[in-house]
Amino acid sequence: MAAAESHHHKRWRLCPLWTIQSHRRNGGVASITRSSSFSSVARSILPVRRRLHLDPSKNLYFPYEPGKQARSAIWIKNSSKSHVAFKFQTTAPKSCYMRPPGGILAPGESFIATVFKFVEHPENNEKPMNQKSRVKFKMMSLKVIEGTDYVPELFDEQRDQVMVERIFRVVFLDPESPNPALEKLKRQLAEADAAIETRKKPPATTATGMVGEGLVIDEWKERREKYLARQQFEAVDAA
């Protein structure tokens, strides 16, 4: 009997999510209480309810045009019931950026953002079409109170509440070989351009806070000029 009880307790100890407290109360009913770590472990196992709906959802597609600044597009929608701030990051900030790089969306609000990437010349004349590059993009979200002004520092101040919505990889497409992904990209870019023209018109009232595009573009151009100058210097030095 003692051996059976010992085996019984060992079996339960294999599961760290629960603490077993067996004692007799009014006729001997065993009670099971959850350990303090259950909620945190459960959150890591259960599916995460994302705040944003993104399209595309896995990869960002760019036409492969070496030596040029290529464009991609991503449709962003707030699928939650709260106001949500979003922020865009990349592993290659010197050659990539998104317009706008962040902002706040009301529940159900959506728009198409444009992503810019400078396409480097290939090594050994290889064409990486339909292949993933090492560059990654990250989209983050943060639940905010209605009326909050967007500033990037929100994500530092409330780091514990930030959610990584998606990590994207870059996939190059051959612009001379039509395919569904390329046709979809062209449609999204046309919609993004139309939205930019609309935003340029003086609004009657100020809606959600998007980062000023002019400041972003000027800052990126400055970084890009320094980057190209350094690339040219390294090429001359290597020669």
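In the predicted model, the face of helix α4 turned away from its buried side carries the exposed residues Pro-180, Arg-187 and Thr-198. The buried residues of this helix are Leu-182, Leu-185, Gln-188, Leu-189, Ala-192 and Ile-196. Viewed down the axis of α4, these buried residues fall within an arc of 120° and therefore line one face of the helix.

At the start of the helix, a side-chain oxygen of Asn-179 comes to within 3.1 Å of the backbone nitrogen of Ala-181.

Strand β6 covers residues 83-90 and includes His-83. The relative accessibility of His-83 is 16%, so this residue counts as buried, the cut-off being under 20%. When neighbours within four places in sequence are left aside, His-83 is in contact with Asn-78, with Ile-104, Leu-105, Ala-106 and Pro-107, and with Leu-142, Lys-143, Val-144 and Glu-146.

For the protein chain overall, the secondary structure amounts to five helices and eleven strands. The chain has 239 residues, of which 31% count as buried. Of the contacts between residues at least 6 apart in sequence, 73% join residues at least 24 apart. The accessible surface of the chain is about 15900 Å², and carbon and sulfur atoms account for 52% of this area.

Conventions
Residues numbered from 1 in each chain as written. Predicted model: local features only at pLDDT ≥ 70, side-chain atom pairs only at ≥ 80, totals over all residues. Heavy atoms only, no water. Helix = DSSP H or I, 4+ residues; strand = E, 2+ residues; numbered from the N terminus. Buried < 20%, exposed > 50% of the residue type's maximum accessible area, 1.4 Å probe, protein only. Contact = heavy atoms within 4.5 Å. Arc of directions from axis to C-beta. Polar contact = N/O pair within 3.5 Å; in protein donor to acceptor, adjacent residues only side chain to side chain. Areas by Shrake-Rupley, 256 points an atom, 1.4 Å probe, with all protein chains shown as cover.
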